Amino acid sequence: MRSTGAIVLLIIFLLVGFAGCTGCGTYNSLVQQDEAVEAAWANVETTYQRRADLIPNLVSTVQGAANFESETLQAVVEARARATSINVSVDDLNNPAAVQQFMEAQQELGGALGRLLAVAENYPDLSATEAFRDLQTQLEGTENRINVARRDYNGAVQGYNTSVRSFPANIVAGLFGFDRRTPFEADEGAETVPDVSFD
């Protein structure tokens, strides 16, 4: 009788110990994935900041061109101010509205930059300057970096969200407040092919 009770207690002790170790491992895994999401978000913010830092140089270079459209420059300056005024902290990454507001400001800035570069093509003297070409190349590289950073962030969010929703990690996630994170989504209308005309 005593040995049977001891065996039952040993089995219960082992099961509780195993569950505790599994829970600790799951918790640690969620922490690591959460940190990966935060690091990926920091990289996204860094690339957007790089773009924002290049814009004053671009604007001052373009302002040197005589008769350049002032409303185009003003749109870029205003879009940059709006984009840099909206900050999304790591704690806001599970708030789709905050991420959407941030993305809209960044899209507005990207659109204003695109219009500026398109209008600049009408100014051969400006397009021929080395400073403008260098800034244009840096902005193009930065836009590529933004795309890579956003893709890496989405990959980190996908791995994290998969873990948070998978059994038995979802139990640990619920107990310790690991909420789903919001990934970047395509711009509205991105699925529409733009019209290209050489008329």
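Which residues do ring pairs link into a cluster? Select W41, Y48, F102, Y153 and F184, and you have the members of that cluster on screen. Bear in mind as you look around that this is a predicted model.

The charged end of R150 sits over the ring of F184, 4.8 Å from its centre. For another arginine over a ring, move to R181: it lies over the face of Y160, at 5.7 Å from the ring centre.

Back to the aromatics: the count of aromatic pairs comes to 7. To see one of them, pick Y27 and F178, an edge-to-face pair with 5.6 Å from centre to centre and 70° between the planes. Y27 belongs to helix α1 (residues 2–63), while F178 is in the segment after α6 (169–176), so this pair ties together parts that are 151 residues apart in sequence.

Last stop, two helices. Colour α2 (residues 70–85) and α3 (residues 96–120): they pack with their axes 8 Å apart, at an angle of about 160°. With an angle over 145 counting as roughly antiparallel, that is how α2 runs relative to α3. The crossing of α2 past α3 is left-handed.

Terms used
Residues are numbered from 1 along each chain as its sequence is written. This is a predicted model: local features need pLDDT of at least 70, side-chain atom pairs count only at pLDDT 80 or more; totals for chains, interfaces and linings use all residues. Side-chain values use heavy atoms; hydrogens and water are left out. Rings of Phe, Tyr and Trp (its six-membered ring) pair if their centres lie within 6.5 Å; planes under 30 degrees apart count as stacked, over 60 as edge-to-face and the rest as tilted. Helices (H or I, at least four residues) and strands (E, at least two) are DSSP runs, numbered from the N terminus. A charge sits over a ring if NZ of Lys or CZ of Arg is within 6 Å of the ring centre and within 35 degrees of the ring normal. Axes are lines fitted to C-alpha atoms, for helices over the stretch in contact, and angles run from 0 to 180 degrees between N-to-C directions. Angles under 35 degrees count as roughly parallel, over 145 as roughly antiparallel, 65 to 115 as roughly perpendicular and the rest as oblique. A crossing is left-handed if the near helix is turned anticlockwise from the far one by less than a right angle, and right-handed if clockwise.
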